[in-house]
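Hi everyone, thanks for making time this morning. I'd like to walk you through a structure that may be new to you, so please have a look at the screen.

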Amino acid sequence: MSDEANKGLLSPLRRKLLMGMAAVPAITMLPRASFAQAPATSAVNTTGLAVTDTEVTVGILHSATGTMAISETGSIEAEKLAIEQINAAGGVLGRKIKFIQEDGASDWPTFAEKAKKLLVNDKVAAIMGCWTSASRKAVLPVVEQYNGMLYYPTFYEGLEQSKNVIYTGQEATQQILAGLNWIAKEKGAKTFFFIGSDYIWPRTSNKIARKHVENVLKGKVVGEEYYPLGNTQFNSVINKIKLTKPDVIFTDVVGGSNVAFYKQLKAAGIDLSKQPLLTISVTEDEIDGIGGENIAGAYACMKYFQSLDNPNNKAFVPAFKKMWGEKTVIGDVTQAAYLGPWLWKLTVEKAGSFDVDKIAAASPGVEFKGAPEGYVRIHENHHLWSKTRVGRAKLDGQFELIYETADLVEPDPFPKGYQ
Amino acid sequence: MFGDYSLGDLGSIFVMQGFAGLILFSVYVLMALGLAIIFGQMGVINMAHGEFMILGAYVTWMTSNLFQTYMPSLFGGYFFLAMILAFVASGALGMLVEWVLIRHLYKRPLDTLLATWGLSLMLQQAYRSVFGAREVGVELPQWMLGSLHVTDSIEVPINGVFVMCLTVLITISVAYVLYMSRWGRQVRAVVQNRIMAGAVGINTEKVDRYTFGLGCGIAGVAGSAFTMIGSTGPTSGQLYIVDTFLVVVFGGAASLLGTIASAFSISQTQSTLEFFMSGSMAKVLTLLAVVGILMLRPQGLFALKVRK
């Protein structure tokens, strides 16, 4: 459907609406509830995106099926909540957000295919999506080729920056360094044992962590171990931990392996209230599967915990539970996914346009004061300024906030001295 | 690597490492037994084995919730009932699957691979729709958590001991059923020569169905036991399937003893290597060794002598 056809179809309606407005001047006094102030579609959409006078379409692209559905379900839920709230508050430039949800099915080529479909066929104005780095790497060339806008929620290894992507999660240095500094100071930790799943994110994260431990904290890494994704037997490495007696166990084990690791750690008699453990991969979502009793006492280092005590979060958590059920929990990535639609809305309004080029240019400096994690701002490198926090896992599966950085931490996806 | 540690430390670590190996051995046997019966005895390549295990895990989860809500005083013992229920549920599903799907494919063993793979995808999605995409946490009774304190530095995980005992019990029962009972003799007769077995009056269809059901039921018990050491989610079954086939194929199909011997050698290699190098490298070397041995002995460690 061309834009011209669109206009032809809708203009009588718009005319009627405007006449109605003129007849009832009181309505025009309401700031947001009318479409009268919405700028003309031809002005805010010069590249043929799916924007009409009343609606704008965005895409949601996550795995609703397959092995990653465990993790990505929360992101889908958060994005839908954000879209609903934005619509309730009057939409974006006077237009309601409509979303098209596609299933990446935990398969990276499918992600690329669906991203292309969203951009080429549906002409979505933005995509909220991807979770694993592998899916993002598959989608990246597509959004760059067709000039789309992707809002990516997961904390990740860094070493990437694109005009077409806004990274709403933390990159590795933001997440890790503050946590290591804290535990070194607080626990006087000198020796560290690293254990991770064997793929890009844990390996890159541990590389950064090792440099920091050795060069900045002047400590020692007494072990660095990787296990294949999905590994369920950790007894040997647990014995190695017992032998080396590190001050801190630093973990980035992911997925089903996480559950096995913490259950076996507990079964081996390692008491996490006495043996400090710092994880960068366990959120409230994961604890659901691990069981609070198996991980209580462990420290997690990220930017958001469901238990955060601030007005934004106190409104966000009940709204989320109201929409998705009392029992759902909200982890770091879920919160980051919630930021996506909001940041996009704020950027569109700042740019006064849905055009991707204008959004990309307007993104740096966009602030979101209503973020559940507090306040965030987009950096020139399209990552977010955010605080880093350390929480301690409790029996009920929630984290208790122990420490947060005083200032926002600058995102640094290409850290010098850490590569 | 050991220079920095005292002899006492090293001694206790070796003891615990020995236990780690034994626990891994039990886990391998437990997950492979069901498949050894189905693949080994019936020649059906059951790619949905992992999903039958996870059904057992979900049954355990439901039982635990039920006990917590209605009989919190008996919570300490729920696990035993859960394992029986897991056996019944997975066994019943197995018999249904045999009747609907597998019995039409006995003459086309390679097609069972495709059919059961499809089945595994369907089951995964069914779990996802029924129980949700997120993993569920199975709460264990207090006495099953933690470790036995042997000395100051030697601690033995209770769940590991539990899995070991369970494995011994189930292995003995299966061996008894297959090699000592009348029904087991019928199973072996059908395996060796289906037509002749039918001719001497054995109801081969019935034997097939119960054998398949037994294999799946044992998978269910394994899944139930693994809630102690692993995760329970729609796709958790996939974590076990590769290792399971590895153990069964390496041991030589159709041989219970082979399965046990292969589980033992793979688990000991794996756990020893894991101690001296990174987990991923240990896995690579173990797989290389298995491939090497299978090239020399394609029939696996133990194989029935059959006239071709």
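Predicted model: local features only at pLDDT ≥ 70, side-chain atom pairs only at ≥ 80, totals over all residues.

Helix α14 of chain A, residues 332–351, lies across β11 and β12 of chain A. Its direction is at about 140 degrees to β11(A). What sheet do those strands belong to? An open sheet of three strands, in the order β11-β12-β13 of chain A, with antiparallel pairing. The edge strands there are β11 (367–371) and β13 (384–385) of chain A, each of which pairs on one side only. Between β11(A) and β12(A), residues 374–378, there are three bridges. If you want to find one of the pairs on screen, look for E367(A), whose bridge partner in β12(A) is R377(A).

Now for some parallel strands. In chain A, strand β1 (residues 55–62) and strand β2 (residues 96–103) run parallel and are joined by eight bridges. One position to look for is G59(A), standing opposite I100(A) in β2(A). To get from β1(A) to β2(A), the chain passes through helix α4 of chain A, residues 69–88, and this β-α-β crossover is right-handed.

Further along is strand β6 of chain A, residues 191–197. Why do we call β6(A) largely enclosed by the rest of the structure? Because six of its seven residues are buried. β6(A) pairs with β7(A) in the parallel sense over seven bridges, and F194(A) stands opposite E224(A) in β7(A). The chain crosses from β6(A) to β7(A) by way of helix α8 of chain A, residues 200–216, in another β-α-β crossover that is right-handed. β6(A) also pairs in the parallel sense with strand β8 of chain A, residues 248–252, over five bridges. There, G196(A) sits opposite D252(A).

Is W131(A) buried or exposed? The cut-off for buried is 20 or more other C-beta atoms within 10 Å, and W131(A) counts as buried because it has 27 C-beta neighbours inside 10 Å. Leaving aside neighbours within four places in sequence, its contacts include H62(A), M68(A), E72(A) and T154(A).

So far we've stayed in chain A, so let's bring in chain B. How many residues does each chain give to the contact? Chain A gives 35 residues and chain B gives 41 residues.

Finally, the largest nonpolar core, which has 199 residues. The members that touch the most others are I127(A), L343(A), Y28(B) and A32(B). Helix α1 of chain B, residues 7–42, supplies the largest share of this core, 21 residues. Not counting residues up to four places away in sequence, A32(B) touches T244(B), V247(B), V248(B), T259(B) and A263(B). As general background, nonpolar side chains tend to be buried together in soluble globular proteins.

Definitions and conventions: Residues numbered from 1 in each chain as written. Chains lettered and ligands numbered in written order. Pairing = 2+ DSSP bridges. Helix = DSSP H or I, 4+ residues; strand = E, 2+ residues; numbered from the N terminus. Right-handed = clockwise from strand over helix to strand, strands pointing away. Core = buried A, V, L, I, M, F, W, Y, C linked by C-beta atoms within 7 Å. Buried ≥ 20, exposed ≤ 12 C-beta atoms within 10 Å, placed from the backbone. Contact = placed C-beta atoms within 7 Å. Axes fitted to C-alpha atoms, helices over the stretch in contact; angles between N-to-C directions.
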